[in-house]
Amino acid sequence: MLSLILAKKIFSLFIIMLMSMSLVRLKILKTADSKVMSILLLYLFFPCVIIDAFQVDFTSEIQHGLLLSTAAAVVVQTLLLCAGLFWQRLLHLNAVEVCSIIYSNAGNLIIPLVIAVLGPQWVIYSSTFLAVQLVLFWTHMKSVMARETHMDWRAVFTNANMIAIFIGLVLLFTGWRLPAPVNDAMHSLGLVIGPSAMIIAGMLLGNMSWEKIRSYKRVPLVAFLRLIIMPLIILVFVKYSGLATLSPDGKTILLITLLATATPSATTCVSMASLFDNQPEYASVINVVTATLCTVTMPLIVWLYQL
């Protein structure tokens with residue numbers, strides 16, 4: 001049942017991408033318009049999701065769960081980064097390929113998937129994975145995509161997404177809440193993050209011929225590493241590390257971490273590739289292929305975890 005719900009939710013997002021692609025094909029939208037959507041996604045929608053997720057009561061149960069999810073997120077992201085760098089050197093991957101392998105689409109998919117599969121009360125435990133991933137987005141991924149030789153740490157910690165994490169932590173620990181109209185507005189924007197990401201991917205694909213899509217010969221390799229190899233590495237870790245015993249809800253919390261890992265390549269990779277003009281079409285093709293295949297691979301990974 002869990003696998004079926006996952007497949008339905010992912011397929012619905014895939015349909016949104018096809019709708020967006022159709023608008024470009026019909027000349028109603030232009031592929032270049034995706035840059036505006038990318039900016040909105042990175043600097044508006046994503047911060048709203050983060051702040052909204054942290055507005056929960058800080059009980060002892062939440063505290064233990066957050067400690068476990070934070071520890072798991074740090075270790076998992078470290079494993080993914082190390083494995084990605086290993087594959088980069090071994091297979092001579094370019095910037096788009098290595099970022100697509102390392103970084104999952106957790107930022108856009110994990111919250112709607114957690115709500116659909118487990119319920120809204122579990123969203124808080126996905127926020128730690130998003131926070132750790134976000135730091136890497138604006139350090140490692142940004143430096144790779146922008147072809148930077150050094151990291152501007154001041155820019156990292158002053159961008160809208162990092163500020164949103166800080167605000168979220170303040171709200172969590174103090175118990176303060178945003179005024180209802182502000183909170184409702186941010187919650188509403190957060191709900192469209194998944195569809196918005198798929199709209200961007202569809203817009204980038206809309207102007208591409210199928211011949212060009214097939215010309216990217218390494219897409220199957222990247223998809224195999226992103227959807228099978230990387231999640232299996234994390235599956236072994238979360239299943240046999242013993243971390244689940246550290247919290248009464250440990251098994252479900254680690255399932256959320258695994259779900260975040262098993263999602264398709266990060267749409268943020270597409271957005272940054274578009275923002276820094278670094279093969280955005282290739283990044284979009286990888287995103288679409290992995291988004292299509294994950295309707296099979298994600299339920300399979302979850303099934304293996306539940307055995």
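Helices here are DSSP runs of H or I with at least four residues, numbered from the N terminus. The model is predicted.

**Stop 1: H92**

Select H92, in the loop between α3 (60-91) and α4. Its phi is near 55°, a positive value in a residue other than glycine. Most residues other than glycine have a negative phi. The relative accessibility of H92 is 67%, so H92 counts as exposed.

**Stop 2**

Next select helix α14, residues 267-275. Is this helix mostly covered or mostly exposed? Mostly covered: eight of its nine residues are buried. To colour them, pick T267, T268, C269, V270, S271, M272, A273 and S274.

Then move to D277, which comes just after α14 and sits in the loop between α14 and α15 (280-306). D277 is not a glycine, yet has a positive phi of about 50°. With a relative accessibility of 60%, D277 counts as exposed, whereas eight residues of α14 are buried.

**Stop 3: the loop between α4 and α5**

Select S104, found in the loop between α4 and α5. S104 has 1% relative accessibility and therefore counts as buried. Which atoms does its side chain meet? A polar atom of the S104 side chain lies 2.5 Å from the backbone oxygen of A260. The S104 side chain also makes a polar contact of 3.4 Å with the side chain of T263.

**Stop 4: aromatic pairs**

Over the whole structure, a search finds four aromatic pairs. One of them joins F86 and W87, with 5.2 Å centre to centre and 65° between the planes, an edge-to-face arrangement. F86 has 49% relative accessibility and counts as partly exposed, because the exposed class begins only over 50%.

Another pair is made by Y103 and F137. Why is this pair edge-to-face? The ring centres of Y103 and F137 are 5.4 Å apart, and the planes stand at 65°; planes over 60 degrees apart count as edge-to-face. Y103 lies in the loop between α4 (95-102) and α5 (106-117), while F137 belongs to helix α6 (residues 124-145), so the pair ties together parts that are 34 residues apart in sequence. Are these two residues buried or exposed? Y103 is buried at 0% relative accessibility, and F137 is buried with a relative accessible area of 1%.

**Stop 5: a charge over a ring**

Select K239 and Y305. K239 lies over the face of Y305, at 5.7 Å from the ring centre.

**Stop 6: the cavity**

How many cavities of 30 Å³ or more are there? The count comes to one. The largest cavity holds about 30 Å³ of space. Select I10, L13, F14, L109, M198 and A291 to show its lining. Helix α1 (residues 2-25) gives the most to this lining, with three residues. By class, the lining of the largest cavity has six nonpolar residues, no polar and no charged ones.

**Stop 7: the largest pocket**

About 380 Å³ of space lies in the largest pocket. Of the 23 residues that line the largest pocket, D52, I111, I115, V123 and H187 lie nearest its centre, and selecting these five is a way to centre the view. Which helices each supply at least two residues of this lining? They are α1, α2 (34-53), α5, α9 (180-191) and α10 (193-205). The largest share, four residues, comes from α5. The lining of the largest pocket divides into 14 nonpolar, six polar and three charged residues.

**Stop 8: the second largest pocket**

The second largest pocket has about 210 Å³ of space. Its lining has 13 residues, of which L66, T70, T128, L169 and F173 lie nearest the centre. Two or more lining residues come from each of α3, α6 and α8 (160-174). This lining divides into ten nonpolar, three polar and no charged residues, whereas three charged residues are found in the lining of the largest pocket.

Note on methods. Residues numbered from 1 in each chain as written. Predicted model: local features only at pLDDT ≥ 70, side-chain atom pairs only at ≥ 80, totals over all residues. Heavy atoms only, no water. Phe/Tyr/Trp six-rings, centres within 6.5 Å; stacked < 30°, edge-to-face > 60°. Buried < 20%, exposed > 50% of the residue type's maximum accessible area, 1.4 Å probe, protein only. Lys NZ or Arg CZ within 6 Å of the ring centre and 35° of its normal. 1 Å grid on protein atoms, 1.4 Å probe; cavity = no way out; pocket = protein on both sides within 12 Å on 5 of 7 lines; lining within 4 Å. Points joined across faces, edges and corners; volume = space filled by probe spheres on them. Nonpolar A, V, L, I, M, F, W, Y, C, P; charged D, E, K, R; others polar. Polar contact = N/O pair within 3.5 Å; in protein donor to acceptor, adjacent residues only side chain to side chain.
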